[in-house]
Amino acid sequence: MSDLLNSMTAAASGMDAQATRLRMVSENIANADTPGFRRKTISFEEVHAQGDARAVATGRIHLDQTELERVLDPSHPMAGADGFYDGSNVDLMVEIADAREAGRSYEANLRMFDQTRRMVGSLFELLNR
């Protein structure tokens, strides 16, 4: 029985971590046109929950240190004397791919959680007979 509960713990932590990742990707997409915005990334860490249960948790948020895009727009209020200003380093294709991956990972954890929940329900039905 504890193995089933451990798998539910792992699946729930995976869903929580992927939801956090989706929020981070959404923030990156929303700020893609914000001057000076740096893409945010998040790491995952393995943690030990109650007993032998293993789970995943989100780690620290990191700012992507790749070069900011230089945008030529002399009329922009942040433009320097040369007419350029620093854009963001968000690549929408990368963010969309990350969002799809996080969504699929979330769905996989949800299916695992639901399957385990049904197995626990079936076990209780067998024990009640």
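Me: How many salt bridges does the count come to?

Reply: This is a predicted model, and what follows is computed from it. A salt bridge here needs a side-chain nitrogen of Lys or Arg within 4 Å of a carboxyl oxygen of Asp or Glu. By this rule, the number of salt bridges comes to ten.

Me: Which residue forms a salt bridge with Arg 21, and how far apart are the closest N and O atoms?

Reply: Side chains of opposite charge can pair when their charged atoms come close. Arg 21 lies in helix α1 and its partner in helix α2, so the pair ties together parts that are 80 residues apart in sequence. The partner of Arg 21 is Glu 101, with the closest N and O atoms 3.2 Å apart.

Me: Is Arg 21 buried or exposed?

Reply: Leaving aside residues up to four places away in sequence, Arg 21 touches Ile 42, Phe 44, Asp 98, Glu 101 and Ala 102. The word buried is used for a relative accessible area under 20%. Because the relative accessible area of Arg 21 is 14%, this residue counts as buried.

Me: Which residue meets Glu 27 in a salt bridge?

Reply: The N to O distance in this salt bridge of Glu 27 is 2.6 Å, and the partner is Lys 40. The pair links distant parts of the chain, since Glu 27 is in helix α1 and Lys 40 in strand β1 (residues 40–48), 13 residues apart. Glu 27 is partly exposed at 32% relative accessible area, and partly exposed at 24% is also the description of the residue asked for, Lys 40.

Me: Which residue meets Glu 95 in a salt bridge, and which network do salt bridges that share partners make?

Reply: The side chain of Glu 95 meets that of Arg 39 in a salt bridge of 2.3 Å, N to O. Glu 95 lies in helix α2 and Arg 39 in the loop between α1 and β1, so this pair ties together parts that are 56 residues apart in sequence. Glu 95 is buried with a relative accessible area of 0%, and Arg 39 is buried with 14%. Salt bridges that share partners join into one network the residues Arg 21, Arg 39, Asp 64, Glu 95, Asp 98 and Glu 101.

Me: Which residues make the nonpolar surface patch of about 380 Å²?

Reply: Helix α2 (residues 92–128) gives the largest share of this patch, three residues. Helix α1 (residues 2–30) contains Ile 29, which is partly exposed with a relative accessible area of 35%. The patch is made by Ile 29, Leu 92, Met 93 and Ile 96.

Key:
Residues are numbered from 1 along each chain as its sequence is written. This is a predicted model: local features need pLDDT of at least 70, side-chain atom pairs count only at pLDDT 80 or more; totals for chains, interfaces and linings use all residues. Side-chain values use heavy atoms; hydrogens and water are left out. Patches are made of residues with over 30% relative accessible area and no salt bridge: like charges are joined within 9 Å, nonpolar side chains (Val, Leu, Ile, Met, Phe, Trp, Tyr) within 5 Å. Accessible areas come from the Shrake-Rupley method with a 1.4 Å probe; for residues, only the protein chains shown count as cover. Helices (H or I, at least four residues) and strands (E, at least two) are DSSP runs, numbered from the N terminus. Buried means under 20% relative accessible area, exposed over 50%, partly exposed in between (1.4 Å probe, protein chains only). Contact means heavy atoms within 4.5 Å.
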